[in-house]
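These are my notebook entries on the structure shown below. I record each item that I looked up, together with the criterion applied.

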Amino acid sequence: MHLDLFDSFFVIFSGAAILASLALFTRQPLIIAYIALGCLAGPFGLSWVTEQELLSEIAEFGIIFLLFLLGLDLQTKNLVKLFGRSSVVAIVSSLAFALLGFLVCRSFGFNFNDSMVVGLACMFSSTIIAIKLLPTTVLHHKHTGEIVVGLLLMQDFIAIFVLIALQQNSPQAVFEFSNFIKILIALALSVGMAFLLVNYLIIPLIRKFDRFQEYIFLIAIGWCLGIAEFAKVLGLSLEIGAFIAGVSLAASPISAYIANSLKPLRDFFLVLFFFSLGASFDFYRIPDMFLVVLTLTLLLIILKPLVFTLLLLVFGEKKETGREVGFRLGQISEFSLLIGYLAFNKGFISSDASNLIQGVAILSFLISSYIVIFFFPNPIAVFDRLRKD
């Protein structure tokens, strides 16, 4: 059955509202509801929505706004803090998880490129799930919250460089020195132009017309898309440009207002993004992929608490703190899905590797969420003693 764009949006958002309600009643992550709806209504399910290419293009805006908002949170003082303890723990743990993903894939017969990209996808943890399951008091006022946020920010920073590398036209080009130099030059030009325009154009305009909320909203979107397009012209990606646009505005007093005003727009497009991921997931391949998906997921969930505990013990943290941080970061990330999505579209990896990343994401989201809900303080805990807003 072929639906036009309006009917497709009706299926996506009405269906998402229904499944999201069920997810909240059963204390599941909302992301799972959106992906499940994509599996159900997409071409491998009931085939209600088949315009995947159009929806994927629209959904890309969600990733652009997500990275723009992440950039808005990375103020200069926070960036300086990243290059301390969090950077060491994040880099060492990321390398360990990348090696784990690579070795598991190779042991199951995947080729080098597939194994490499799956390994890269294993490096990161979900910002959305980790933050959603942190009580507000822990997030803002507790040491555990500071560690979790610091590690997530550093992982985001690493992910940006991975995404930059994936913009090359072939897997071999990623490692060519000349291409690396071109990327660095394009990155420097984008950052320089962004900060120059922010200081001498954007901030003065915002100060002059800050009483017009509609204008602030429009200039924020225009700035995000403008720098994204500039980065694309220089050979980077729209997502990298959006991140640079956010970082350049982060020091402005208006950054918090811009972040809050754009969150509904970001969430709108993210629903489309996760739906499109679910719609592209060939669940008929589950029997073939089940063992490798289960193996990699369980190894990540078991080893992440161990690795984070050992690394944080080196810096004088308590064993219990490292264990909690590891379980809260026990899944892979939205960035992992984006890495798999970009790598597949570039032809770097096979459909099997893409499905593996999506399968591990879905299963790790579920299992790690259940662990946090049942054993650590969180806003949607099953037990009253653990329920903290």
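I took helices (H or I, at least four residues) and strands (E, at least two) as DSSP runs, numbered from the N terminus. The model is a predicted one, in which local features need pLDDT of at least 70, side-chain atom pairs count only at pLDDT 80 or more, and totals for chains, interfaces and linings use all residues. Residues are numbered from 1 along each chain as its sequence is written, and side-chain values use heavy atoms, with hydrogens and water left out.

**Entry 1. Arg266**

I located Arg266 in helix 13 (residues 255–279). For burial I used these classes: buried is under 20% relative accessible area, exposed is over 50%, and partly exposed lies in between (1.4 Å probe, protein chains only). Arg266 has a relative accessible area of 17% and is therefore buried.

**Entry 2. Cavities**

I used a 1 Å grid over the protein atoms alone, on which a cavity is a set of points where a 1.4 Å probe fits but cannot get out; lining residues have an atom within 4 Å of a point. Grid points are joined across faces, edges and corners, and a volume is the space filled by probe spheres set on the points. The search of the whole structure returned four cavities of 30 Å³ or more. The largest cavity has a volume of about 40 Å³. Which residues line the largest cavity? I noted Ile63, Leu66, Leu67, Glu334, Phe335 and Leu338. Helix 3 (52–73) and helix 16 (334–345) are the elements that give two or more residues to this lining.

I found Ile349 in the loop between helix 16 and helix 17 (351–375). Its relative accessible area is 7%, so Ile349 is buried. The C-alpha atoms of Ile349 and Ser115 are separated by 8.7 Å, although the two residues are 234 residues apart along the chain.

Leu294 belongs to helix 14 (residues 286–314). Because its relative accessibility is 26%, Leu294 counts as partly exposed. From Leu294 to Gly359 I noted 8.7 Å, C-alpha to C-alpha, across 65 residues of sequence.

**Entry 3. Salt bridge**

I counted as a salt bridge a side-chain nitrogen of Lys or Arg within 4 Å of a carboxyl oxygen of Asp or Glu. The structure holds one. In this salt bridge the side chains of Glu324 and Arg328 meet at 2.9 Å, N to O. Glu324 and Arg328 are four residues apart in helix 15 (residues 319–328), so about one helical turn separates them.

**Entry 4. Cysteines**

I searched the whole structure for disulfides (a pair of cysteine sulfur atoms within 2.5 Å) and found zero. Cys105 is in no disulfide, and its nearest cysteine sulfur, that of Cys122, is 6.8 Å away. Cys105 counts as buried at 0% relative accessibility. Cys39 also counts as buried, at 14%.

**Entry 5. Surface patch**

I built patches from residues with over 30% relative accessible area and no salt bridge, joining like charges within 9 Å and nonpolar side chains (Val, Leu, Ile, Met, Phe, Trp, Tyr) within 5 Å. Accessible areas come from the Shrake-Rupley method with a 1.4 Å probe; for residues, only the protein chains shown count as cover. Ile181, Leu184, Ile185, Leu189 and Leu234 form a nonpolar surface patch, together having about 400 Å² of accessible area. Leu184 is placed in helix 10 (residues 177–208). Leu184 is partly exposed, at a relative accessible area of 37%.

Notes: On a 1 Å grid over the protein atoms alone, a cavity is a set of points where a 1.4 Å probe fits but cannot get out, and a pocket is an open set with protein on both sides within 12 Å along at least five of seven lines; lining residues have an atom within 4 Å of a point.
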